Each structure stands twice: as structure tokens, then as C-alpha cells.
Amino acid sequence: MSAGPAPALTTAPAPAATVAPIISVRGLSTVFGDVVVHQDLSLDVRQGEILAIVGGSGSGKTTLLRQMLGLERPSAGTVEVFGEDVQRAEPAKLQLLRNRWGMLFQHGALFSALNAFDNVAQPMRELHALPEDLIRDAVHLKLHMVGLSAQDGLKMPSDLSGGMVKRVALARALALEPELLFLDEPTAGLDPNLSESFVELILALRKEMQLTVVMVTHDLDTLFSLAGRIAVLADKHVAALGTPAEVVQSPHPFIKEFFLGARGLRAMQGAHIGAGEIDREIDKNETHHES
Amino acid sequence: MPTFAPPRIAIAQPDSPIVTVTGTWHVHALAEGGNMAAITAALAHGPGKRASGWDLSGIVAMDHIGAQVLWNAWGKARPAQLTLTPGLESFFNTIEEAEQQARPDAIPQLSFKAWAIATYGEKLRNLRGNVLDLVGLIGQLTLDVGRLLGRPQRGPWKEISAHIYHIGYRALGITALVGFLIGVVLSYLSAQQLHTFGGDVFLVNILGMSIIRELGPLLAAILVAGRSGSSITAQLGVMRVTEELDAMLVMGLSHSFRLVLPRLLALAVVMPLLVIWTDAMALIGGMLAARLELGLSPAYFLRKLPDAVALANYWIGLGKGVVFGSLIALLASHFGLRIKANTESLGEGTTTSVVTAITVVIVADAVFAIIFNDVGY
């Protein structure tokens with residue numbers, strides 16, 4: 001695409017305040033037994049951005065992601081995706097919603113009884129509208145896009161390496177050309193090389209398919225090379241939200257420890273070149289988004 | 001979902017056909033209603049290869065699947081004359097790239113003979129694997145029993161006690177219910193027949209003999225095979241899926257000593273107890289039905305029982321309990337350990353385990369009947 005990921009952003013009518021966010025979380029509270037995980041948490045995800053959710057263990061990152069997907073019910077508050085309340089939408093509307101998003105689970109969650117090809121073909125077959133030879137071509141295209149050969153498609157999930165499982169899972173998440181992609185720890189368990197190439201893959205696909213991406217990650221390298229904005233979950237709510245550069249400057253003790261430790265500084269240094277482009281692009285929008 | 005302009009194909013001039021493509025070529029637009037069928041029909045009739053050119057400038061939005069539909073319609077190559085908006089270019093570039101990749105050859109069709117050899121060969125190999133594994137497991141368990149006797153204080157006593165609770169105590173309800181009902185049914189049926197011959201008093205013999213020697217052990221074993229056999233197989237299978245079995249091996253914990261032996265011992269202890277319990281419940285059911293149907297008093301029933309049923313039958317019943325329990329534990333563990341790390345194998349293994357355990361229990365029961373054919377009458 002000649003215009004890059006921009007079309008969705010640049011063709012949007014100018015005053016950004018009128019552009020509805022793709023995901024809007026309002027007043028969310030989550031309580032497990034006696035443990036309060038989220039309290040009055042609010043968060044918006046804008047069209048075309050890559051938003052990373054970070055936080056310590058047990059801060060409810062994955063829970064928040066699952067609530068956005070409607071897999072878990074919050075104790076209070078609403079989660080709207082594409083303007084639809086995922087907890088209260090009618091089944092038919094929810095189904096349409098589910099066709100517009102894709103999710104990459106942390107461990108792939110491939111169907112272990114199906115080979116890689118059938119795993120990717122599953123969502124397409126489920127539409128009951130596409131002819132089988134088209135599905136075959138489309139699956140090969142998707143496998144190719146995530147860097148797998150057609151031969152790999154014949155393997156069972158148990159015969160795939162960790163990196164390949166993630167790629168197949170990504171191909172499955174992208175099977176129905178979603179507008180919104182959720183990633184749970186996309187690079188966890190991959191070696192640095194693989195994880196770097198996975199990050200590049202996501203960036204390239206996002207550019208080609210104009211995706212909005214919401215991800216949960218622990219990995220600072222991934223964070224700085226992918227994220228346009230970072231939401232830090234701490235103290236049961238969003239403690240800081242903004243571009244990596246802004247978030248790093250927050251005085252919150254968790255953020256200081258998380259980003260400004262030796263690991264964080266190293267990752268930031270390494271990422272500056274890669275992240276620069278995204279930063280600038282987000283910055284462009286930032287100027288009229290931020291109040 | 002926002003409404004979109006439906007994907008359409010039209011031919012501009014019939015003589016020198018230029019195919020104009022318009023609308024939203026998005027997978028969900030294609031899947032909606034009869035859109036895909038309409039496009040397939042339009043492609044089959046009209047343009048195909050005769051088209052001299054394609055005009056895609058009317059396309060509102062597109063994705064890879066939509067692009068693939070057109071690409072396939074072009075016979076997997078760009079048509080000579082193609083009008084595109086620049087945004088669409090990249091889709092076809094990606095498809096063209098993917099197209100150049102080698103596809104795996106189609107799996108060759110086997111002849112019937114080859115298929116038969118492959119299928120039955122696989123079955124034979126599987127059977128051989130099963131037998132070898134089972135023999136290995138029995139051997140290992142024998143060594144484990146030796147290890148347990150050598151150092152009883154280091155035995156898996158906690159596990160054994162937990163399994164006795166789960167397999168035995170938790171099964172009391174269902175075995176009582178089933179035993180009681182079978183007792184009632186058996187008593188009613190026999191009473192009617194005996195009454196016609198005037199042999200009412202022999203009801204005690206029939207019920208006592210069949211329940212204590214045969215039905216009690218068999219009922220308890222079938223229930224436990226279904227209830228605990230499946231759970232043992234599934235537990236071990238999930239441990240395979242979650243790599244817990246591998247973790248145990250790495251730590252030097254033996255599967256048979258820590259997992260199989262406790263279950264085997266627990267079942268061998270608990271099954272005879274469950275047999276006594278099921279016997280008692282079935283006899284109570286039978287006694288009640290006899291009271292209602294024939295007017296035989298429970299007191300008479302109980303007084304008559306020791307004369308009607310020789311004590312040997314009771315011991316045979318208990319012996320069956322021990323053997324059936326051990327068989328169930330052995331087979332359930334064996335199939336559990338053979339499960340591979342995928343969901344299909346888990347389901348298959350659990351089914352095989354329960355079916356095999358019940359079959360083997362019935363076969364063993366027949367063997368008992370043959371061996372003890374002149375004992376206890």
C-alpha cells in the first residue's frame with residue numbers, strides 16, 4: 001500500500017475529538033473474591049494505533065484483555081468495542097463483532113487435533129460461504145504472509161516449534177481480515193532473533209492490513225519497537241498513558257522501576273531507531289488527540 | 001457492522017468485454033447473503049478468459065480474500081489490461097509472491113491393497129505397542145511392590161489414602177443406588193417365576209447366590225471402571241499434555257511408583273469393600289421387594305441366607321473385587337500413560353480405557369466362573 005498505514009488515519013475527518021475510539025473501557029472494576037484487580041479503570045484505544053498494556057504480575061493485564069474480548073465479565077463498568085457493549089450485545093451483533101477482531105493467545109491455542117493449514121482454514125470454513133479452493137489459496141496466502149511455507153501447513157501443532165506455533169496462531173487470528181488484533185505476550189517464549197522478526201512481521205502486517213493492535217507484553221524490546229502508546233496498569237487503574245517517551249517520564253514508582261532499571265534503559269537505547277518512525281506517526285495524531 | 005456496497009461484477013461491452021468490478025471486496029461482504037454465489041455464477045458465465053481487460057477502479061475496499069477471488073478468476077496471472085487504484089496494488093503483489101512458493105504435492109491416493117496393509121499394519125503395531133507397554137508396566141509394578149515392601153516408610157501412603165477416599169468413599173452413593181435397584185428388580189422378576197412353581201422360599205437362594213457371587217462384584221466393578229477408570233486415564237493424559245509426566249521423570253520420580261502403584265493399591269483395597277457394600281444394598285432391595293411381593297419377612301430372609309449361600313461364595317466375591325479393582329487400575333493407568341499430547345488422543349484414550357476395562361472385567365468374571373465351577377454350592 002503506497003500510503004502505508006495512514007489511510008485510516010489521514011482520511012478520518014479532521015477534528016479528532018469526533019472520531020470514536022475503537023475500544024472504550026469505562027469505569028471498569030474487577031473483583032476476584034476479596035482481591036480487587038481493577039477499580040474504576042477507563043481506557044480508550046484509537047483507530048490505527050498499537051496500544052501496549054503493561055503492568056506487574058497480577059495487575060490484571062490479561063484479565064483486561066479478556067474482558068475486551070468478552071471472555072470475562074467485569075464486576076462493574078462497560079467495555080465497548082466498535083461501539084458495541086461486549087457484555088450486553090445481542091448474540092447476532094456479537095458474532096459480527098467477533099468477525100472483526102482476531103486474538104493471538106499467549107501459547108497459540110491452536111486446535112491440537114487439526115494441522116496448521118486446517119487451523120487457519122477453520123474461521124474461513126465457519127463462514128459457510130467461501131468455496132474450498134478459494135479457502136485453500138487464501139490459507140496459503142496467510143501462511144506465506146506470516147513467513148511459513150506451504151509444507152509447514154501440513155504439520156500438526158505438536159510438531160511445530162514455539163515460534164512457528166505463534167506464526168500459525170497469528171495467521172489464524174488474521175484469517176478473516178480483522179480490523180482489530182489482540183496480542184497476549186506476542187514474543188514470550190521466543191528467542192531474541194525470533195522475537196525481533198516477529199515484531200517486524202506484526203509491523204509489516206499492520207501496515208498492509210491497517211490493523212489496530214492491542215497487546216499485553218512484559219518484554220521491553222517488543223514494547224519499545226511496537227507500541228505507539230503505552231498504558232501502564234498499576235494501583236488498580238491506568239497509572240500512565242501516552243507515548244513511550246511520555247510514559248517513561250512519569251514519576252510513578254512502578255514505572256520508574258519497570259522502565260528505568262538497567263533492562264529498561266538498555267531496551268530503550270536499542271529501540272530508538274526502530275521506534276522513531278512509529279513515534280513520529282503517533283505524535284502527529286497525538287497533537288490533536290490529547291486535550 | 002457498517003453496511004457496505006455489495007461486491008459486483010459487470011461486463012461493459014458485450015463485443016470487447018471489459019469487466020468492471022465494483023463494491024466492497026471484503027471477506028464479510030463476500031460471505032454475506034448470496035454474494036459469493038452470485039459472483040461465482042457471473043464469473044462462470046461471462047468474462048473468464050475472454051475478457052480483454054479488467055477495471056477495478058470502482059472498488060471501495062478490498063482485502064486479501066477478495067483479491068484472491070479476482071486473482072483466481074484471472075487464472076492466477078495478471079490480465080493484460082488492468083486498471084487499478086494504487087491502494088489495491090499491494091494485495092496482488094502479496095498474492096503473486098505467495099503464488100511462487102512451492103505447494104506440497106497432493107497426498108497420493110492409495111490402492112485398496114496398500115490402504116488395507118497400512119491400516120491393519122498400523123493396528124497391529126498399535127496392539128504390539130500396547131502389549132509391550134502393559135507387560136513393561138506390570139514388570140515395573142512388581143519391582144515397585146518390592147521397593148515398597150523393602151522401605152514401607154517411604155511409600156506413597158498419602159496418595160493411596162487420597163485415592164481410597166476419591167475412588168471408594170465418593171462412589172458409595174452411586175453403588176448403593178444401582179445395587180438397591182438391581183436387587184429390587186431381580187427380586188420382583190424371580191418372585192413372579194418362583195410363585196408359579198410354588199417355590200417362594202427359594203427366592204433367598206436365587207438372590208443370595210446371584211448377588212453375592214456374581215452381581216455385586218460385577219456391578220461395583222462396572223461402575224468403578226466407568227467412574228474412576230475414566231478419571232485415572234484422563235488425569236494421567238492431562239499430565240502428559242501439561243508435561244507434568246516429563247517433569248516427574250526429570251526429577252527422578254517414577255511414574256509407576258508415584259502414580260500407578262497408589263491407584264492400584266487403593267483400588268485393590270477399596271473394591272472388595274465396595275463389593276460388600278453393593279451386596280448389602282442389593283440384598284436390602286431384594287428383601288424389601290420380597291416382603292411386598294411374596295410376603296417373606298426380612299427376619300426369615302436373613303435367617304435363611306447363611307444356609308442358602310455357602311461362605312465360599314462370599315470369599316469368591318471378595319476375591320473378584322480385588323482382581324477387578326487391580327485390573328481397572330492397571331488398564332486405566334496404562335492407557336493414560338499412552339496418551340499423546342493432543343486433545344484427540346486424550347478423548348480416544350479415555351474411551352478405549354473404559355471400554356477395555358469393562359470388557360476385561362467381564363472376561364475375568366467368566367474365568368472366575370470356570371475356575372470355581374465346583375466351589376460353593
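Let's start with salt bridges between chain A and chain B: the count is zero, where a salt bridge means a side-chain nitrogen of Lys or Arg within 4 Å of a carboxyl oxygen of Asp or Glu. Keep in mind that this is a predicted model, in which local features need pLDDT of at least 70, side-chain atom pairs count only at pLDDT 80 or more, and totals for chains, interfaces and linings use all residues. Residues are numbered from 1 along each chain, chains are lettered from A in the order in which they are written, and side-chain values use heavy atoms, with hydrogens and water left out.

What about polar contacts? Seven residue pairs across the interface of chain A and chain B make one, both partners being at pLDDT 80 or more. A polar contact is a pair of N or O atoms within 3.5 Å; within protein, one must be able to donate a hydrogen and the other to accept it, and residues adjacent in sequence count only if both atoms are side-chain atoms.

On the chain A side, helix 3 (91-99), helix 5 (132-145) and helix 7 (192-209) each supply at least two of the residues that touch chain B. Helix 5 of chain A gives the largest share, nine residues. Helices here are DSSP runs (H or I, at least four residues), numbered from the N terminus.

Altogether, 32 residues of chain A are in contact with 30 residues of chain B, contact meaning heavy atoms within 4.5 Å. The two chains bury about 2700 Å² between them, 63% of it on carbon and sulfur atoms; that is the accessible area (1.4 Å probe) lost on putting the parts together, summed over both.
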